Structure formats: structure tokens, C-alpha cells
Amino acid sequence: MHWIYLIIAGLFEVVWATTMKLSHGFTKISFTIYTIIGLALSMFFLSIAIKRMPMSLAYPIWTGIGAVGSIIAGVIIFGDKLSPLTWVFVALLLISIIGIKITSGS
């Protein structure tokens with residue numbers, strides 16, 4: 001179950017990063033509120049996951065989910081353009097996250 005909490009925490013990491021961009025420097029109150037809620041929920045679910053997982057495992061996976069998810073959100077929602085080489089490194093990041101999970105024994 002702690003893995004599910006960690007994935008949820010990572011997804012809320014994407015939510016707060018995305019809504020922070022949409023808040024335009026915290027000038028749009030609704031997106032500012034969504035950012036704060038997303039950040040709080042991300043931390044909440046991370047705190048639950050990290051109770052039963054080593055920090056050295058949970059934190060990099062949480063940030064990795066947030067990083068890859070934010071890249072994808074940036075491309076889809078904001079039209080960010082990434083070079084083919086950048087996509088190679090995104091794939092390596094994803095492979096690293098999966099590798100950490102597979103080799104962790106948890």
C-alpha cells in the first residue's frame with residue numbers, strides 16, 4: 001500500500017507544479033489555492049509512504065514521478081518543446097525510477 005501512497009504523492013507533485021505555473025506567480029487566486037492544496041496533499045501522501053519505506057528510496061522516486069509528470073504536463077498543457085535528446089534523458093529518468101523500484105526489494 002505504501003507504493004500506492006508514493007505514486008499518489010508523486011501525482012500531486014505534478015498537480016502543484018502545474019497549478020503553480022497556471023497561477024502566474026501566485027496572482028490568480030484559484031490556481032494559487034490549488035497549488036497549496038496539491039503541495040499539502042503531495043507532502044501528506046509522501047509522509048505516509050515514507051513511514052514504511054526508506055527515505056533513500058521514497059524521496060528519489062517521488063521526485064522522479066514529479067519530474068517526469070511535470071515534463072509531460074508541460075508538453076501537453078503548455079506546449080513546451082523538447083529536443084529528441086531531451087526525450088532520451090526523460091526516458092533514462094523513467095528507467096531509473098523503475099530500476100530503483102525493481103532493485104529495492106520492497
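I started with phenylalanine 31, which is partly exposed at 25% relative accessible area. For my own reference, buried means under 20% relative accessible area, exposed means over 50%, and partly exposed lies in between, with a 1.4 Å probe and protein chains only.

Before going on, I noted that this is a predicted model, where local features need pLDDT of at least 70, side-chain atom pairs count only at pLDDT 80 or more, and totals for chains, interfaces and linings use all residues. Residues are numbered from 1 along each chain as its sequence is written, and side-chain values use heavy atoms, with hydrogens and water left out.

**Aromatic pairs**

How many aromatic pairs does the structure hold? I found five. Rings of Phe, Tyr and Trp (its six-membered ring) pair if their centres lie within 6.5 Å; planes under 30 degrees apart are stacked, over 60 edge-to-face, and the rest tilted.

Phenylalanine 31 and tyrosine 34 form an edge-to-face pair, 6.0 Å centre to centre with 75° between the planes. These two are three residues apart in helix α2 (residues 29–52), so about one helical turn separates them. Helices here are DSSP runs (H or I, at least four residues) and strands likewise (E, at least two), numbered from the N terminus. Tyrosine 34 is partly exposed too, at 44%.

Next I looked up tyrosine 59 and tryptophan 62, a tilted pair at 5.4 Å centre to centre and 50° between the planes. They sit three residues apart in helix α3 (residues 55–78), again about one helical turn.

**Charges over rings**

A charge sits over a ring if NZ of Lys or CZ of Arg is within 6 Å of the ring centre and within 35 degrees of the ring normal. I found the charged end of lysine 21 over the ring of phenylalanine 78, 5.7 Å from its centre. Lysine 101 has its charged end over the ring of tryptophan 3, at 4.7 Å from the centre.

**Helix α1**

Helix α1 (residues 2–22) has 21 residues and reaches 30 Å from first C-alpha to last, close to the expected 30 Å. That expected span is 1.5 Å times one less than the number of residues. Its buried residues include Trp3, Leu6 and Trp16. The buried residues of α1 pack against α2, α3 and α4 (84–104), where contact means heavy atoms within 4.5 Å. Just after α1, I noted histidine 24 with a positive phi of about 50°.
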